[in-house]
Amino acid sequence: DHALVGAVDLAGEIRSVLGTHGRRSYANSENLVPFSDDANGTIPGEGAVALVLKRVEDAIADGEARDIALMASVCRDEYHFFQYAGPMAGFPSVEELRRFDEAEILRRFQRALPQHGQQALSYYQRTVTPDPQRSNMDWFSAMETDRLFRVPTLRLLDAQAAHRDDTRGFQFTWTSQQFGVPMGACHVIDVPFVFGVTDTPAGMFFTGGGEPARALAAEVQKV
């Protein structure tokens with residue numbers, strides 16, 4: 001359970017941060033004030049070092065966060081962002097994904113879930129209907145959303161709920177139509193609502209902007 005971890009976030013390179021701020025992705029004003037009582041917005045970190053003494057899930061299960069009211073969420077289609085915005089990061093386009101046969105999809109399941117790939121693929125084939133505007137890789141996206149986001153979030157919430165009755169969790173379902181393909185409620189779609197920036201250039205890109213988005217942002221910020 002002990003680990004010394006170091007990391008660098010290349011997305012946090014200063015030119016990228018300034019460009020993102022210029023589109024007002026994280027704050028609804030020209031000023032970022034992430035560390036104050038009236039915090040507004042956030043900035044990506046360029047690097048971090050962490051001394052991990054215990055897994056977060058285990059620490060919470062042991063009651064080490066019992067004095068903290070916890071709320072956690074997951075977007076319904078988290079992995080769509082990584083899968084269908086692929087060309088932005090050099091990954092396959094949706095046209096290429098549509099050419100994947102079942103054998104290729106199975107290889108990806110087996111890579112992610114050794115020993116359980118076929119069983120997992122069969123499950124998602126039964127429970128997920130791919131959107132014809134995307135591809136059969138919707139099966140893989142649903143699995144990765146569960147594996148990387150939904151299941152860890154639920155485990156964390158369950159562990160905290162054993163110590164506090166006010167533990168809350170929710171699923172975000174606002175859908176995005178960007179990137180030339182329906183993205184569903186993908187990763188980061190909740191960010192403009194959390195920071196109240198649905199009408200900034202970046203916010204409108206993801207949410208479409210307008211009164212419905214502003215109204216939802218107002219409700220989210222009340223929580």
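Visitor: What covers the buried residues of helix 5?

Guide: In this predicted model, the cover over the buried residues of helix 5 includes helix 6 and helix 7. The buried residues concerned are E104, I105, L106, F109 and A112.

Visitor: Which residues have the most contacts inside the largest nonpolar core?

Guide: They are Y84, I105, F109, M137, F140 and M183, in a core of 29 residues. Helix 5 (102-112) is one of the elements that give two or more residues to this core, and helix 6 (117-127), helix 7 (138-161) and helix 10 (211-222) are also among them.

Visitor: What is M137 in contact with, leaving aside its neighbours within four places in sequence?

Guide: M137 is in contact with Q83, Y84, L97, F100, I105 and R108. Each of these counts as a contact because heavy atoms lie within 4.5 Å.

Visitor: Why is E78 said to have no salt bridge?

Guide: The nearest side chain of opposite charge, R150, is 7.7 Å away. A salt bridge requires a nitrogen and an oxygen within 4 Å, so E78, although buried, has none.

Visitor: What does the side chain of E78 reach or join by polar contact?

Guide: The side chain of E78 reaches the backbone nitrogen of C75 at 2.8 Å. A further polar contact, of 2.7 Å, joins the side chains of E78 and H187. Both values are within the cut-off of 3.5 Å, so both pairs qualify. E78 itself is found in the loop between strand 3 (71-75) and helix 3. Beyond four places in sequence, E78 touches T145, F149, A185, C186 and H187.

Visitor: What makes D199 and R214 a salt bridge?

Guide: Their closest N and O atoms are 2.6 Å apart, and the limit is 4 Å, so the pair meets the rule. D199 lies in the loop between helix 8 (191-194) and helix 9 (201-207), whereas R214 lies in helix 10, so the pair ties together parts that are 15 residues apart in sequence.

Visitor: Why is Q115 called exposed?

Guide: The relative accessible area of Q115 is 77%, and exposed means over 50%, so the term applies. Q115 is found in the loop between helix 5 and helix 6. Its phi is near 80°, a positive value in a residue other than glycine.

Visitor: Why is V188 called partly exposed?

Guide: V188 has a relative accessible area of 23%. Buried would require a value under 20% and exposed a value over 50%, so V188 is partly exposed. V188 also has a positive phi, near 70°, and is a residue other than glycine. V188 is found in the loop between strand 4 (168-172) and helix 8.

Methods. Residues are numbered from 1 along each chain as its sequence is written. Side-chain values use heavy atoms; hydrogens and water are left out. A nonpolar core is a set of buried Ala, Val, Leu, Ile, Met, Phe, Trp, Tyr and Cys residues joined through side-chain atoms within 4.5 Å. Buried means under 20% relative accessible area, exposed over 50%, partly exposed in between (1.4 Å probe, protein chains only). Helices (H or I, at least four residues) and strands (E, at least two) are DSSP runs, numbered from the N terminus. Lys and Arg count as positive and Asp and Glu as negative; His and the chain ends are not counted. A polar contact is a pair of N or O atoms within 3.5 Å; within protein, one must be able to donate a hydrogen and the other to accept it, and residues adjacent in sequence count only if both atoms are side-chain atoms.
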